[in-house]
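Visitor: I am new to reading protein models. Could you walk me through this one?

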Amino acid sequence: MIFVTVGSRNYPFDRLFEKLDKLYEDGTLTDEMFAQVGTSIYKPKHYKYKDFISPDEFAEEVEKADIVVSHGASGSIMKALNAGKKVIVVTRLEKYGEHINNHQIQNNEAFSSNGYVLMADLELKNLGDCFKKIYAGMDGLVPWENKDPMAIVNMIDKFIQENW
């Protein structure tokens, strides 16, 4: 089971949902998927979806999932990592009207550079490869252990300070 979440901000992420449909059409994806699509205009053809879900529904979907695909919101990513899920992060970009700026790039790079998530390239061209790596057991992901609840926040802050 795959769970996709893009949060509740008032910005669509149509290109992600279109790409996921294409991955079903080319046979890359065959597993059941549920997506929380937010304000996206594009409506998925090959998987179930709802515009918005409650925090309880979010927790239920994360629990059911083997793989979580998340936009670059640290809260969504951390909930999936804390639940022990494999996570693929996708980045909302300002140039497509998906967010107010490109801060998700740094957030996703921080999680990815430490091996906790697979990060799709900014244009989502390698999203299918991210799934294939997980399916083949070749993702190289490091299990997340939350010994210090502020560790990831501090790590992201340090990364941004050093690289931005």
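Guide: Let us start with rings. Ring pairs join Phe3, Phe34 and Phe58 into a cluster. Rings of Phe, Tyr and Trp (its six-membered ring) pair if their centres lie within 6.5 Å; planes under 30 degrees apart are stacked, over 60 edge-to-face, and the rest tilted. The model is predicted: local features need pLDDT of at least 70, side-chain atom pairs count only at pLDDT 80 or more, and totals for chains, interfaces and linings use all residues. Residues are numbered from 1 along each chain as its sequence is written, and side-chain values use heavy atoms, with hydrogens and water left out.

Visitor: Which residue has its charged end over the ring of Phe58?

Guide: A charge sits over a ring if NZ of Lys or CZ of Arg is within 6 Å of the ring centre and within 35 degrees of the ring normal. Here the charged end lies 5.4 Å from the centre of the Phe58 ring. The residue is Lys79.

Visitor: How many aromatic pairs does the structure hold?

Guide: Tyr116 and Trp144 form an aromatic pair, with 4.9 Å from centre to centre and 90 degrees between the planes, which is edge-to-face. The total of aromatic pairs is 5.

Visitor: How many residues apart in sequence are the parts that Tyr116 and Trp144 tie together?

Guide: Helices (H or I, at least four residues) and strands (E, at least two) are DSSP runs, numbered from the N terminus. Tyr116 is in the loop between helix 4 (103–113) and strand 6 (118–119). Trp144 is in the loop between helix 5 (127–135) and helix 6 (151–163), so the parts tied together are apart in sequence by 28 residues.

Visitor: Are Tyr116 and Trp144 buried or exposed?

Guide: Buried means under 20% relative accessible area, exposed over 50%, and partly exposed in between (1.4 Å probe, protein chains only). Tyr116 and Trp144 are both buried.

Visitor: Which residue forms a salt bridge with Lys95?

Guide: A salt bridge is a side-chain nitrogen of Lys or Arg within 4 Å of a carboxyl oxygen of Asp or Glu. For Lys95, the closest N and O atoms are 3.0 Å apart. Lys95 itself is exposed, at 62% relative accessibility. Its partner is Glu123.

Visitor: Where do Glu162 and Lys158 lie?

Guide: Glu162 and Lys158 form a salt bridge, with the closest N and O atoms 3.9 Å apart. Both residues are exposed. They are 4 residues apart, about one turn of the helix, and both lie in helix 6.
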